[in-house]
Amino acid sequence: MTIPVWFLTLPGVMTLDLTGPAETLKLAAGAFSLRYIGPDESVLTSTEMYISRIEPLPESLPAGSLLVIPGVHDSTVWFDTPQAVAARHWLMRIQPAIHAGDVSLVCICSGSLLAAKAGLMNGVQCTTHHAVIDRLKKAEPGAIVKENRIFVEDRGIWTSAGITAGIDLSLHLINRLCGAQTAMDVAREMVVYFRRSGEDPQLSPWLRYRNHIHPAIHRAQDLLTLQPEQEWPLDEIAARVHVSARHLTRLFRQHLGISVRDYHEQLKLTIAQQRLQQGEGNERAALSAGFSSSRQLRRALQRWQG
């Protein structure tokens with residue numbers, strides 16, 4: 001049975017918030033039918049591209065539907081337009097169907113702000129892009145906002161972080177509704193090598209420790225992230241970035257608050273966890289990420305989760 005998906009398409013919509021999930025769902029072997037609805041027949045997107053032939057907002061949605069609310073370029077502006085107000089009132093009218101579980105709500109990035117303004121987030125666990133977390137809390141003080149999460153689900157209401165997280169959430173929905181193999185096939189087709197889970201932080205180790213300007217550390221990080229599964233002795237890293245091993249250790253501690261070894265281990269852990277989420281066994285995931293065994297992987301997980 002084909003699952004109907006309705007994209008609430010408003011002026012200022014973030015193009016990738018819309019097209020990322022749409023392309024992902026479209027590749028799922030015909031499992032989803034996509035429709036675009038909104039107050040206007042044509043809208044200008046964040047990339048100054050027009051989307052037209054948008055259908056009017058329907059009186060109701062059929063049971064089993066997915067309703068997707070993409071984010072907008074500047075939610076302080078685009079969620080205060082007459083079109084956004086009309087969409088908010090429409091969301092309020094279909095709120096009973098969402099809370100009854102007849103319609104699943106999927107909010108991409110700042111789309112959760114519009115849902116919050118429509119009263120859909122009271123008492124709901126949710127998230128959004130890290131830059132608008134505080135505004136989500138203000139929009140609905142009763143929301144249970146989860147920070148630094150890729151996506152969150154609570155009673156049929158899905159919310160995700162910024163932009164590409166919509167693709168992660170769409171792959172997760174495909175996995176949930178169509179099975180793991182279909183999700184893996186879509187990920188391969190899209191050349192999305194890893195599929196993140198909702199538990200993953202928005203700021204992964206690839207980004208979390210990049211808030212510095214020291215060139216030697218950046219060179220070391222570039223080296224490690226290029227081949228994180230490789231064994232990297234400290235002396236070899238230091239030689240490749242043209243500093244002493246002692247000085248590199250001091251730089252990592254001073255600027256990142258972490259050792260070179262621990263930084264490398266976090267990269268490997270992320271890879272192993274992603275492979276586990278893709279259905280690989282413990283031993284294979286561990287070896288693929290550069291651990292010597294599943295036992296070593298388990299010890300690393302205990303060390304960082306403890």
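Let me start with a helix. Helix α3 bends by about 45° at Arg93, and a proline, Pro96, follows within four residues. Keep in mind that this is a predicted model.

How far apart are the end C-alpha atoms of α3? The helix covers residues 82–99, which is 18 residues, and at 1.5 Å a residue it should span 26 Å; the end C-alpha atoms are 25 Å apart, so the two values agree. Several residues of α3 are buried, among them Trp90, Leu91, Ile94 and Ile98. Arg88 is on the buried list as well. Just after the helix comes Gly101, with a positive phi of about 85°.

Now the sheet. It is open, has six strands in the order β2-β1-β5-β6-β10-β9, and its pairing is mixed. Strands β2 and β9 are the edges, since each pairs on one side only. On average, neighbouring strands are turned by 20° against each other, ignoring direction.

Strands in a sheet pair through backbone hydrogen bonds, and the pairing is either parallel or antiparallel. Which sense do β1 and β2 take? Strand β1, residues 3–8, and strand β2, residues 32–37, are parallel, with six bridges between them. One example is Ile3, whose bridge partner in β2 is Phe32. From β1 the chain passes through helix α1, residues 15–26, to reach β2, and this β-α-β crossover is right-handed.

Finally, helices against the sheet. α3 lies across β1, β2, β5, β6 and β10, and runs at about 145° to β5. Helix α6, residues 165–178, lies across β1, β2, β5, β6, β9 and β10, at about 150° to β10.

Terms used. Residues numbered from 1 in each chain as written. Predicted model: local features only at pLDDT ≥ 70, side-chain atom pairs only at ≥ 80, totals over all residues. Heavy atoms only, no water. Helix = DSSP H or I, 4+ residues; strand = E, 2+ residues; numbered from the N terminus. Expected span 1.5 Å × (residues − 1). Bend = angle between axes of the 7 residues up to and from the residue. Buried < 20%, exposed > 50% of the residue type's maximum accessible area, 1.4 Å probe, protein only. Pairing = 2+ DSSP bridges. Right-handed = clockwise from strand over helix to strand, strands pointing away. Axes fitted to C-alpha atoms, helices over the stretch in contact; angles between N-to-C directions. Contact = heavy atoms within 4.5 Å.
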